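Trainee: I would like to go through this model and ask what stands behind each term. Please show it before we start.

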Amino acid sequence: MAHILFVTWPGGGNQGPALGMARELQQRGHSVTFAGYEVQRARFEASGFRFILLGRSAAAYRPDGELKTLLATVFAAADHLRDVPEAVSRTGCECLVVDCLQFGALAAAEDAGLPAAVLVHTTPGLIAAPATRMDTLLRAPVNAMRVDAGKPPISTLWDAWAGFLTLCATVMELDPLATQVPSFCAYVGPIFEHPHASNWHDPWAGDDPRPLVLASFSTLWHWDQTSRIQRTLAALAERPCRVLVTMGSVNPNLLAAPENAVLVPYLPHAEVMSRAAVCVTHAGHGTVTAALAAGMPLVCLPNNGADQMPLSAQVEALGAGRALDGEACTPAEIAAAVEQVLTEPSYAISARRLGRIIAGSPGATNAASRLEAYVEQSGGRT
């Protein structure tokens, strides 16, 4: 059995897949440690994993930091060139799994002398393709970091993954650029965290005939989801449905909830997805794939960042939901989209089709098996 070190950062949709993969590896008898930032410690330790800090970059990281801070401490962190070797020495690990957006850590992994994998937590075409938002923001500072470290610059963000086993926690159908993605990127299927059950109890009567609408939006500080939640509540206030809103960090005192709505801070997807008829969401990859895995269509109100807007467009192109302008859509437009998705059977049919594809690509199992084979071929112990 191998000792595997996951290098991670406190993003939104990246931590769940890392935990899901780590849990599968742990169940197979491997030892797993996470290296990251202090704000992550409680989550990973509560999940039963050892956690250590990426000392220098973690010390300079600020949860509410602007892009400049994130570049210096996460995405293009020169400090990772020392933090990662120190974490390897401290843990005695035999394999690395590095988040796809930690390009300083990936540069360090090039010199680690260990088998290393890249974990891509969303569609590789939307997170790293040339001319995408992330490519525009990251490539120049990543290259500056690499050149300062004596490493050649990269032409695309994908190039930084090329020397590693690259595991993409999604299915090709959700990646509109799948035909352009390099062949070394392996689509293993979505990886779900499966956290401990909550103590939440459904407040509605068991024989309530009204469909359940789940409203689930980003928990990241980068985007204030208050407006999206309030517009969704207003849209559904007069509709004969039940509305369950997961608020994340939104202050409930800022929301006016109608009688048919219940607001909770957080719920594991698995506890509610199978009961809901439609999901209104910011369209983060984790929420989208969890909904589709349950055969549930979506109404997408994406934030202007990361992969959410193109992923929303892909959901609509696949017939599994509607994509709206998350910033500007009105309650009336949200209501009309929810009504359309609920009443036109084609949306649920398409969502169930994608759900079957996801079920046929068990991400955690596939990722763990590929990593084990890779370590063995590299001369490591499994």
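**Terms and values**

Mentor: The structure holds 1 cavity of 30 Å³ or more. This is a predicted model, in which local features need pLDDT of at least 70 and side-chain atom pairs count only at pLDDT 80 or more, while totals for chains, interfaces and linings use all residues. Residues are numbered from 1 along each chain as its sequence is written, and side-chain values use heavy atoms, with hydrogens and water left out.

Trainee: What makes a space a cavity and not a pocket?

Mentor: On a 1 Å grid over the protein atoms alone, a cavity is a set of points where a 1.4 Å probe fits but cannot get out, whereas a pocket is an open set with protein on both sides within 12 Å along at least five of seven lines. The largest cavity has a volume of about 40 Å³, a volume being the space filled by probe spheres set on the points, which are joined across faces, edges and corners.

Trainee: Which residues line the largest cavity?

Mentor: Lining residues have an atom within 4 Å of a point. For the largest cavity they are Phe6, Val7, Thr8, Asn14, Ala18, Val97, Val98, Asp99 and Leu119. Strand β4 gives the most, with 3 residues; strands are DSSP runs of E with at least two residues, helices are runs of H or I with at least four, and both are numbered from the N terminus.

Trainee: How do the residues of that lining divide by class?

Mentor: There are 6 nonpolar, 2 polar and 1 charged. Ala, Val, Leu, Ile, Met, Phe, Trp, Tyr, Cys and Pro count as nonpolar, Asp, Glu, Lys and Arg as charged, and the others, Gly among them, as polar.

Trainee: And the second largest pocket, what is its volume?

Mentor: About 220 Å³. Its lining has 15 residues, and Gly20, Ile191, Phe192, His194 and Ala364 lie nearest the centre. Helix α1 supplies the largest share of that lining, 4 residues.

Trainee: Why are β10 and β13 said to stand at the edges?

Mentor: Two strands pair if DSSP finds at least two bridges between them. The open sheet of 6 strands has the order β10-β9-β8-β11-β12-β13, with parallel pairing. β10 (261-264) and β13 (321-323) each have a single partner strand, so one side of each is left without a neighbour in the sheet. The twist in this sheet averages 15° from one strand to the next, with axes fitted as lines to C-alpha atoms (for helices over the stretch in contact) and angles running from 0 to 180 degrees between N-to-C directions.

Trainee: How do you know that β8 and β9 pair?

Mentor: 5 bridges join β8 (residues 212-216) to β9 (residues 242-246), and the two run parallel. Leu212, for one, stands opposite Arg242 in β9. Helix α9 (residues 226-236) packs on this sheet, touching β8, β9, β10 and β11, where contact means heavy atoms within 4.5 Å.

Trainee: What is the strand order in the sheet of 7 strands?

Mentor: β3-β2-β1-β4-β5-β6-β7, open and with parallel pairing. The edge strands there are β3 and β7.

Trainee: Why is the pair of Phe34 and Phe49 called edge-to-face?

Mentor: Rings of Phe, Tyr and Trp (its six-membered ring) pair if their centres lie within 6.5 Å; planes under 30 degrees apart count as stacked, over 60 as edge-to-face and the rest as tilted. By this rule there are 6 aromatic pairs. The centres of Phe34 and Phe49 are 5.4 Å apart and the planes stand at 75°, so the pair is edge-to-face.
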